[in-house]
Amino acid sequence: MSDYHINVFYSERDGGYIADIPDLKSCSAFGLTPEEAVREVAVAKKAWLKAARANRKKIPEPRYRPAIYALV
């Protein structure tokens with residue numbers, strides 16, 4: 001099984017990096033470095049999936065891929 005894509009970008013407004021998982025609605029995290037943001041979003045992903053299972057919500061398959069991969 002492939003894993004979920006993670007976007008990482010710098011937020012001038014927040015003064016740090018945001019990592020988000022587009023396939024998991026509202027699953028994002030903040031870090032002062034890109035690495036920290038990715039570590040934190042991994043924690044958020046685990047919590048998101050646990051909550052979805054506990055509430056018997058549908059867990060989406062990993063589907064999102066940036067446009068650059070559409071060319072391959």
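Two strands pair if DSSP finds at least two bridges between them, and strands themselves are DSSP runs (E, at least two residues), just as helices are runs of H or I with at least four residues, all numbered from the N terminus. With that in hand, welcome to the tour.

A word on what is loaded: this is a predicted model, where local features need pLDDT of at least 70 and side-chain atom pairs count only at pLDDT 80 or more, while totals for chains, interfaces and linings use all residues. Residues are numbered from 1 along each chain as its sequence is written, and side-chain values use heavy atoms, with hydrogens and water left out.

**Stop 1: the sheet**

Select residues 7-11, 16-20 and 28-31. You are looking at an open sheet of three strands in the order S1-S2-S3, with antiparallel pairing. Strand S1 (7-11) and strand S3 (28-31) are the edge strands, each pairing on one side only. From one strand to the next, the twist averages 25°, with angles taken on a scale from 0 to 180 degrees between N-to-C directions of lines fitted to C-alpha atoms (for helices, over the stretch in contact).

Now keep S2 and S3 on screen. Four bridges join these antiparallel strands. Pick Tyr17: which residue in S3 is its bridge partner? It is Gly31.

Next, show Ser11 in strand S1. Ser11 counts as buried because its relative accessibility is 12%; the cut-offs are under 20% relative accessible area for buried, over 50% for exposed and partly exposed in between, using a 1.4 Å probe and protein chains only. Setting aside neighbours within four places in sequence, Ser11 is in contact (heavy atoms within 4.5 Å) with Gly16 and Ile18.

**Stop 2**

H1 lies across S1, S2 and S3, running at about 145° to S3. Colour S3 by face: Ala29 and Gly31 are on the covered face, Ser28 and Phe30 on the uncovered one.

**Stop 3: the core**

Select Tyr4, Ala19, Ile21, Leu24, Cys27, Ala29, Ala37, Val41 and Leu49, the nine residues of the largest nonpolar core. In soluble globular proteins, nonpolar side chains tend to be buried together.

Centre on Leu24. What does Leu24 touch, not counting residues up to four places away in sequence? The list is Tyr4, Lys45, Trp48, Leu49 and Pro60.

**Stop 4: the loops and the tail**

Go to Leu32, in the loop between S3 and H1. Is Leu32 buried or exposed? It counts as exposed because its relative accessibility is 57%. Beyond its neighbours within four places in sequence, Leu32 is in contact with Gly15 and Tyr17.

Finish with two backbone checks. Ser26, in the loop between S2 and S3, has a positive phi of about 65° although it is not a glycine. Arg56, in the segment after H1, is another non-glycine with a positive phi, of about 55°. Ser26 counts as exposed because its relative accessibility is 70%, and Arg56 counts as exposed because its value is 78%.

Key
A nonpolar core is a set of buried Ala, Val, Leu, Ile, Met, Phe, Trp, Tyr and Cys residues joined through side-chain atoms within 4.5 Å.
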